[in-house]
There are 2 protein chains.
Amino acid sequence: MEPVDLWTSGLPAQLRAHGPRVEPHDGVECLLVEDTVVRRFPPVAKAAGPADAADEKTLMRGASDPAGRLRDLDTDGVWGEVIYPNLAFFCCFHIRSPELQIETARLYNEWVAEQFIAASERFAPVAVLPVNDIAAAVKELWRAARRGFRGAMLPAHMDLRPYNDPAYDPLWAAAEELGVPLTFHAGTGRTQTPAHGPGGAVINYVVTVAGPMETVAYLCSSGVLERHPKLRVVMVECGSGWLAWVLHAMDDAYREHHVFVRPKLALLPSEYFRRQGAVTFQRDPVGLANLPFTGDRSLMWGSDYPHPEGTWPHSQEVLARQLEGLPESTIDRIVTWNAAELYRFRLPTDAA
Amino acid sequence: MEPVDLWTSGLPAQLRAHGPRVEPHDGVECLLVEDTVVRRFPPVAKAAGPADAADEKTLMRGASDPAGRLRDLDTDGVWGEVIYPNLAFFCCFHIRSPELQIETARLYNEWVAEQFIAASERFAPVAVLPVNDIAAAVKELWRAARRGFRGAMLPAHMDLRPYNDPAYDPLWAAAEELGVPLTFHAGTGRTQTPAHGPGGAVINYVVTVAGPMETVAYLCSSGVLERHPKLRVVMVECGSGWLAWVLHAMDDAYREHHVFVRPKLALLPSEYFRRQGAVTFQRDPVGLANLPFTGDRSLMWGSDYPHPEGTWPHSQEVLARQLEGLPESTIDRIVTWNAAELYRFRLPTDAA
């Protein structure tokens, strides 16, 4: 959770007026950028009752404080974490001005590097990487890698210039060369609330969380992963239960509609994802049941800490329940080694 | 496959000028409606080579001819089929004029009733049911049921008035009262080609085929299926491998985001689908592996006859391969009884 004045006090003077700010709007705290509300923060209704799980979560201290965060991780039995932004998550990819966008991202990246990269190797924050201006994104990716970032975050969707556009090739090449995995977090690059009215919360969850299915199809079938065999990509907080079907559906389309398929690939689309891709999940019995289709190298567990719907502080129980019966080697892959290898976490010896 | 002059010769004179027509456009045969191209029919490239599976399929005789179609079904060991339109599929839901839209649908419905309902009980064509004008849709549904239709087809997506809008209640009530299942075919109500360029064919397949995931979320979480407990809904040609995850994701959202969930439901969202919903698939090992999550009453097999990517004339082999190892009772549900009960097929005694 960034300080609310990160951009109002940190942006260059000529960009500050339209940069991100948090202020009341129609009586509700709102995040604005370029004078547009991009996120509302209504107070969570206390009417939800005393059993509301959020009560317990107010104990979490680590949102912005590295020491508190490490204590929270220890409490939960978690060694390392990949950290995503909060305000920057909701505003960066909405910004239209290329200059304001990249400066907004840089300011976040600098703050999180100073706050978390400097504090402990157990933190691997991702650099926010807007890609409207691809040359600027490549430059920021190089800077971020030198600054110690072990991952970068692109919008999951780029509807105005989708990820099969060859224009992104310099970016894929840079990530490959630097060994920095590119992550695509559910709910970025498109509205998170396409549905309104009855059932909206459930509909929006399904639509948003399933969004990276499409990103997988773009990256696998367009040849991006074939042309950049060392590029690693991660779909984040999207669940894992749809992955087996998407891998099957891509291959089915590739074979059955071969007359229309361009480019022809050396492998099937699914094979590129199994080789270079992963998805993250919290609680997903369906994804775990489908390991025979996906393999255990494509799944990584995450707690979604510090969100109330996450598994903190019960991650061990949640994991024990859902992983019961799986081989130890599979469990090690999913909760430890896939992430440790990808994001270069150094584990304490006794965990190795 | 409707006669190409169905609407140019059949529509009332005052509607005919803007009704559906097939004519060359920029050198390619096209389907136009309201003077807009809604579908291009480029000749399938012969360059695809002699191994092109389409060659074998040219033997199929049944596209418009009931007798030929019955022979094709017999060849394939299939007793009955639910028939979807071809030209009407691609044009009806695009029409903006409510009067032209419902007349276009009625004309198709009349043609398919005369051609197929009259010919054999083994054919259960669905009535095309545009829902821009809900009162007109209710009227057409009543007419169709009296005319012998055992199913009706709505667009899978209604982005301008989604299916959680209470305005649809008279339509849900009519379908429930008439005992006519409502079907939502992948690829209707939205473009089938959102992606262009490299990988487009694969991306568009995944996005289009996964579209009904969203429809499931709308119908289950908004209370439609709760308020209409005898309403039956079917997602068509969408595969089945995503269903287990969607059922899980809806319930997860319902529980974890309960503060934001409206309406509260008596059951979990997934339970309504298990009770009232189904999906159809051709080849889907993932969906079959996930039967423990979905139950065997939510899956129905279909051949996609007469499409080249369908399983005709090898349906028995395709089924034997993918159903191997499943209990007989499950197989009976998926290939016979779910569809037979829902669409009221009377099976020959020796198949019962």
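**Note on a predicted two-chain model**

1. In chain A, the mean position of the 33 positive charges and that of the 44 negative charges lie 4 Å apart. Lys and Arg are taken as positive and Asp and Glu as negative, with His and the chain ends not counted; each charge is placed at NZ of Lys, CZ of Arg, CG of Asp or CD of Glu.

2. On conventions: the model is predicted, local features need pLDDT of at least 70, side-chain atom pairs count only at pLDDT 80 or more, and totals for chains, interfaces and linings use all residues. Residues are numbered from 1 along each chain as its sequence is written, chains are lettered from A and ligands numbered from 1 in the order in which they are written, and side-chain values use heavy atoms, with hydrogens and water left out.

3. Chain A contains 17 helices and eleven strands (DSSP runs numbered from the N terminus: helices are H or I with at least four residues, strands E with at least two). The C-alpha trace of chain A spans about 55 × 50 × 45 Å along its principal axes. Its radius of gyration is 20 Å, which agrees with the value near 20 Å for a compact globule of 352 residues (taken over C-alpha atoms; the rule is 2.2 Å times the number of residues to the power 0.38).

4. Of the 352 residues in chain A, 55% are buried (under 20% relative accessible area; exposed is over 50% and partly exposed in between, with a 1.4 Å probe and protein chains only). Chain A exposes about 14,500 Å², and carbon and sulfur atoms supply 56% of this area (Shrake-Rupley method, 1.4 Å probe).

5. For contacts in chain A between residues at least 6 apart in sequence, 69% join residues at least 24 apart (contact means heavy atoms within 4.5 Å).

6. Chain A superposes on chain B by a rotation of 180° with 0.0 Å of shift along the axis, at RMSD 0.0 Å (least squares on C-alpha atoms of residues with pLDDT of at least 70 in both copies). This is the relation of a two-fold axis. The C-alpha of A:Trp242 is the nearest to the axis in chain A, 2.7 Å from it. Both copies use the same surface, since 100% of the contact residues of chain A recur in chain B.

7. Helix H10 of chain B (residues 212–221) has ten of its ten residues buried, so it is largely enclosed by the rest of the structure. Among them are B:Met213, B:Glu214 and B:Tyr218. B:Gly223, with a positive phi near 95°, follows H10(B).

8. A:Ala167 sits in the loop between strand E7 (152–155) and helix H8 (169–178) of chain A. A:Ala167 is partly exposed, at 34% relative accessibility. Beyond its neighbours within four places in sequence, A:Ala167 contacts A:Ile134 and A:Arg161.
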